Structures are given as structure tokens and as C-alpha cells.
Amino acid sequence: MPAVTADTLTLPRIAVPDAASAVQRPVRAVTTAPSGFEGEGFPVRRAFAGVSAAELDPFIHMDQMGEVEYAPGEPKGTAWHPHRGFETVTYIIDGVFEHADSHGGGGTITNGDTQWMTAGSGILHIEKPPEHLVMSGGLFHGIQLWVNLPGANKFNPPRYQDIRAKQASLLSSADGGALLRVIAGDVAGHPGPGSTFTPITLIHATISPGAELQLPWRADFNALAYVLSGNGTVGTEGRPVRKGQLAVFGKGDVLTLKGATNQPAAEPNLDVLLLGGLPIREPVVQYGPFVMNTREEILQALQDFQSGRFGVIPGEHIPHT
């Protein structure tokens, strides 16, 4: 799991929060993601399955894509499809993915890169492995996260952000045993590069065996920790977690995670995606790729999509017959 690597001894360190005033967040629940398939058949884990919308707000959906070693000819992606009313965040840990959309956004992302697409009023897009990866096969592993937009921003013009791995803010835990990659939000005065309509924090943390991470967290944000690989514990109560599990935290302003001393040979560290955001607390009506506030807005989205108001597929991406 390369993503971005660094020597934690050379990075800014996050001080351990003051135990006299800090409030540790308890662990409310730990859920296990079921496996399924997305798009043209690439394997995913549904990270948020079994968790209430109120606990997730402002997040809607998250898939862990892979981790899978493709044989030649096996890599798959999605077909062209629409979105309205939210943002898609695609974070690639291993492998290569291409994005193109009907508003001119697009590019190729690889280890540690992120594509942040604000669907807003409506967009068509496609995500797929490049042709050379389809031919050769190879390792693929990533995350796609859906972030809701407040009603006031659901019809904003679409926007695309190409966030390179080197742009992430790299930090270390107080003991040097954890590497933090801040993609969006702010951790102890260190902001990530992602620009968001809904205030959120998105961090990929790698915690060494036996190391402990105590992380300050905004008290008005929710807090989720999804295990990408390895084993460890969450909360001061030491709740066990493993690959493919999601921890939902309660109220407080500090998150505590610890890497298990013994890790699987193929997964030497505890890798965790940490998410939090300011709840929007508005009605959510979702129909497939549309996330709106009312049923009437969903019907309007369907009508606008069918009428061609989400833009057109760029000419170079139209299949030749």
C-alpha cells in the first residue's frame, strides 16, 4: 500500500491532546463491509453498509475498490453515467485510473492522487483503467467517497479538482509511529489541499505496529474510521478492528487508534481512512446517481438527464462502430 510514503521523523508532529481538557470519543459501533461489484464488474467493499444516514451525514456512500491483482485483460471501470447533487472523491492507493466528464474535467491519477468532482447541477462522467493497464493487468486499490452538498449548493456549476499525492499535507503522530496524509480539512493547523462546499476532514493514516495515534478532532464533526488494511484498536476502550471494518465514534474532540503488535505478513501496518464532517441535517432523497432533498428534485434530475441537460460525452470518448 504505497500511496505516499515519508520519513515520519522529518515531519511536523501532532501533539498529544491535553488529557485534562480533551474529551475522548467513544466507539459507538463497528460494522463489517459486505463485498459486491460496481460498474463493469470491479470488486468493492460497501464501507457504509449497515450505518444510519444520521451517523454518516454529510457522507452518503463509500466503496473500497479492490484491493485486487488483475490478470491481463481483466481491469474494469464504469460506463458513462450521470450525477447530480453531491461530490465524488476518488482516492487511488495502488494502480492507475482515468477520469473524463462532460464539462471538460479529467485526467489520470495514480498512487496517492485524488480526483474531486463536484457534480452540482449535473454532469456525465466515466472512470476506467487506462488501456495499457487493461493489457498488462496489475494491482488496483482505491476509494470512492460520495459527499453530500447542502441544498443551497446542489445546483452549483460542476467543478473538478485534480489533487496530486505530493500536495497532501504530511504529518506525524507525537511518537513518530503514524504517518498522516491530509487530503481535505485541517488537522492541528495543517490544511489539506481539497476544497469542499461541506466542511469535512479526510485523512489516510498509516499506523505502525504497537504505535498509538491520538488526533484532535472538531467536536461539531462526526467521526468515522475505515480500516483499509491491517489490524488494531479504536477508542481508549481498545475496540478491535480489522480490514474492511468501519468504526463510528461518538461525541468528543479526540480520536484514538492503535496498531496491533502482530500484523499479517502482507499488511505490515494498520492503514485507516479517517473521515469527519459537519452534518448538513437536511432531508436526503437518493435515486441511484442523484442525491437531492425532495422527490420532486429527483424527478427533475431524471427529466434533465433524459433531455441532455447534463452535457455531452466529449467526441474523443464516443465509441467508434
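How many bridges join strand E6 (residues 86-94) to E9? Five, and the two strands run antiparallel.

Some ground rules. This is a predicted model, where local features need pLDDT of at least 70, side-chain atom pairs count only at pLDDT 80 or more, and totals for chains, interfaces and linings use all residues. Residues are numbered from 1 along each chain as its sequence is written, and side-chain values use heavy atoms, with hydrogens and water left out. Helices (H or I, at least four residues) and strands (E, at least two) are DSSP runs, numbered from the N terminus. Two strands pair if DSSP finds at least two bridges between them.

Back to strand E9, residues 114-118. Five of its five residues are buried, so E9 is largely enclosed by the rest of the structure. Buried means under 20% relative accessible area, exposed means over 50%, and partly exposed is in between, with a 1.4 Å probe and protein chains only. Thr-114, Trp-116 and Thr-118 point one way from E9. Gln-115 and Met-117 point the other way. E9 also pairs with strand E12 (residues 159-163), in the antiparallel sense, over five bridges. There, Gln-115 stands opposite Asp-162.

Now the sheets. Strands of a sheet pair through backbone hydrogen bonds, either parallel or antiparallel. Here, seven strands form an open sheet in the order E1-E22-E19-E24-E17-E14-E13, with antiparallel pairing. Which strands stand at the edges? Strand E1 (27-32) and strand E13 (169-172). Each has a single partner strand, so one side of each is left without a neighbour in the sheet. The twist averages 20° from one strand to the next. For angles, axes are lines fitted to C-alpha atoms, for helices over the stretch in contact, and the range is 0 to 180 degrees between N-to-C directions.

Ser-169 has Val-182 as its bridge partner in E14.

Another open sheet has four strands, in the order E5-E10-E7-E8, with antiparallel pairing. Its edge strands are E5 (81-83) and E8 (106-109), each pairing on one side only. Neighbouring strands of this sheet are turned by 25° against each other on average, direction ignored. Strand E7 (residues 97-101) is joined to E8 by four bridges. In that pairing, His-99 has Gly-107 as its partner in E8.

Next, the cores. A nonpolar core is a set of buried Ala, Val, Leu, Ile, Met, Phe, Trp, Tyr and Cys residues joined through side-chain atoms within 4.5 Å. The largest one has 27 residues. Leu-213, Leu-215, Leu-257 and Leu-274 have the most contacts inside it. Among the elements giving two or more residues to this core are E14, strand E17 (200-207) and strand E23 (254-259). Apart from it lies another core, of 26 residues, among them Met-62, Ile-200, Leu-228 and Leu-246.

Take Ile-203, in strand E17. Is Ile-203 buried or exposed? Buried, at 0% relative accessibility. Contact means heavy atoms within 4.5 Å. Leaving aside neighbours within four places in sequence, the contacts of Ile-203 include Val-182, Leu-215 and Leu-274. Leu-170 is 33 residues away along the chain, with 9.8 Å between the C-alpha atoms.

On to the aromatics. The structure holds four aromatic pairs. Rings of Phe, Tyr and Trp (its six-membered ring) pair if their centres lie within 6.5 Å; planes under 30 degrees apart count as stacked, over 60 as edge-to-face and the rest as tilted. Phe-290 and Phe-310 have ring centres 6.0 Å apart and planes at 85°, so this pair is edge-to-face. Phe-290 lies in strand E26 (residues 290-292) and Phe-310 in the segment after H3, so the pair ties together parts that are 20 residues apart in sequence. Phe-305 and Phe-310 have centres 5.9 Å apart and planes at 50°, so that pair is tilted. Phe-290, Phe-305 and Phe-310 form one aromatic cluster. Phe-310 is buried, at 1%. Phe-305 is partly exposed, at 34%.

Last stop: Val-312, in the segment after helix H3 (295-306). Val-312 counts as exposed, at 61% relative accessibility. Not counting residues up to four places away in sequence, Val-312 touches Ser-102 and Leu-124. Asp-101 is 211 residues away in sequence and 8.6 Å away in space, C-alpha to C-alpha.
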